Amino acid sequence: MHYHAPVTDKVFWIGTNDRKTERFENYLPLPQGVAYNAYLINDEKTCIIDTVEFGTANLFIEKIEGILKGKNLDYAVVNHMEPDHSGALGDLLKFYPETKIVGNVLTLRMIKAFIHDFDDSRFITVKEGDTLDLGHHKLTFAMIPMVHWPESMVTYDITDKILFSNDAFGSFGTLDGGIFDDELNFNFYEDEMRRYYANIVGKYGAQVTNAINKLGGLEIKYICPSHGILWRRDVPKVIQHFLNWATFTPEEEGVVIAYGTMYGTTAKMANMIARALSWHGIKNIKVYDVSKTDHSFIISDIWKYKGLIIGCAAHNNDLYSPMQSLLHKLQNYGLKNRYVGIFGNMMWSGGGVKGIKAFTDALPGLDVLGDAVESKGEPTKEDQEKLENIAKLMAEKIISER
């Protein structure tokens, strides 16, 4: 048995749902699983768009067989060679030995890095604006380098106005019954879409913006990404979401407090700030212990809210290591357009607050509010007043933008 879903008359979703893998790229938690989306166009010439991760290859091949019913598979377009997209390519080549692989110059190099005995004669090289004629359907291609690999491209079905968008507009989360935006509750997926963007594509905001601008002239009736929801009712909505995330534009009024603590003193300071934020009218307050909560969830909320308050204990004259890891990733991604407060705890030589200041100094797009607060041991009454002042300044800034 096989299950597939029509996108249009001759275009089918042949993706798979992965509810077994615990971590995407072996480090990002998948509490809602992930979908590997692939597509088949059953025209005079047949063509698939991307494959799936190798662990679900058997089901993927079964779906292709179920639709083609003995017909040959003429083409396989490879928009992206990352193994969660191309893991089943080797099996596909063995099962359909006459299939031609379609991609760009960089795609071929990467295929040969993964499949050492790949026969170059099976490869069709395309460049920006080239077309592939399937009969009724005509495909064209656009390069979107570093969204988020150098060979990344998208495929556009001129006939049905479908954008096969690769990692752009993708999401974590399996497709549990519905596959289209009008068949499911987007609110259930929104946080996982933001977490996917912030942690997978987030470093390449400029490239995402360039890609969106490049594709802006197309008439797009469907967006079919490689992971997550397919879009047909509210295409502008998902485009706007990704544009906001690419430009570090906050979605909502709120503050993330991220702290690193060893014995609870820095946690006390975080709670003082949170309570003061509430006094001053902020309702969306997320407080995270960076040692407990996976950084991907913290980063997702940092993308969501305008305010970020960072607190860290000193450890060996440096940042506490779980905080060091989080700040390194945020710096690598070029975080900007956020209000930031700084606090921490020390006993003799410090290092936590110094490390946070080095982080903010390296990112000119951050607006640091007030003076950093660094207590020695238990926070004093004076420390508490300074912490409350950071909360007051943060609340005033955020509320002023209503």
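Let me start with what Thr-209 touches: its contacts, meaning heavy atoms within 4.5 Å, are Leu-243, Ala-246 and Thr-247, leaving aside residues up to four places away in sequence. This is a predicted model, in which local features need pLDDT of at least 70, side-chain atom pairs count only at pLDDT 80 or more, and totals for chains, interfaces and linings use all residues. Residues are numbered from 1 along each chain as its sequence is written, and side-chain values use heavy atoms, with hydrogens and water left out.

Thr-209 sits in helix H6, residues 205-215. Helices here are DSSP runs of H or I, at least four residues, and strands are runs of E, at least two, numbered from the N terminus. Is Thr-209 buried or exposed? Thr-209 is buried, at a relative accessible area of 18%; the cut-offs are under 20% for buried and over 50% for exposed, with partly exposed in between, using a 1.4 Å probe and protein chains only.

Next, helix H7, residues 235-246. Its 12 residues should span 16 Å at 1.5 Å a residue, and the end C-alpha atoms are 17 Å apart, which agrees. The expected span is 1.5 Å times one less than the number of residues. The buried residues in H7 are Val-235, Val-238, His-241, Phe-242, Trp-245 and Ala-246. Seen down the axis, they fall within an arc of 135°, so they line one face of the helix; the arc is taken from the directions from the helix axis to the C-beta atoms. An α-helix has 3.6 residues a turn, so residues three or four places apart point the same way. What do the buried residues of H7 pack against? They pack against helix H5 (186-201), H6, strand E16 (222-225) and helix H9 (295-304). After H7 comes Phe-248, with a positive phi near 60°.

Now the pockets. On a 1 Å grid over the protein atoms alone, a pocket is an open set of points where a 1.4 Å probe fits, with protein on both sides within 12 Å along at least five of seven lines; lining residues have an atom within 4 Å of a point. Volume is the space filled by probe spheres set on the points, which are joined across faces, edges and corners.

The largest pocket has a volume of about 330 Å³. It is lined by 18 residues, and Met-262, Ala-314, Met-346, Met-347 and Trp-348 are the closest to its centre. E19 gives the most to this lining, with 3 residues.
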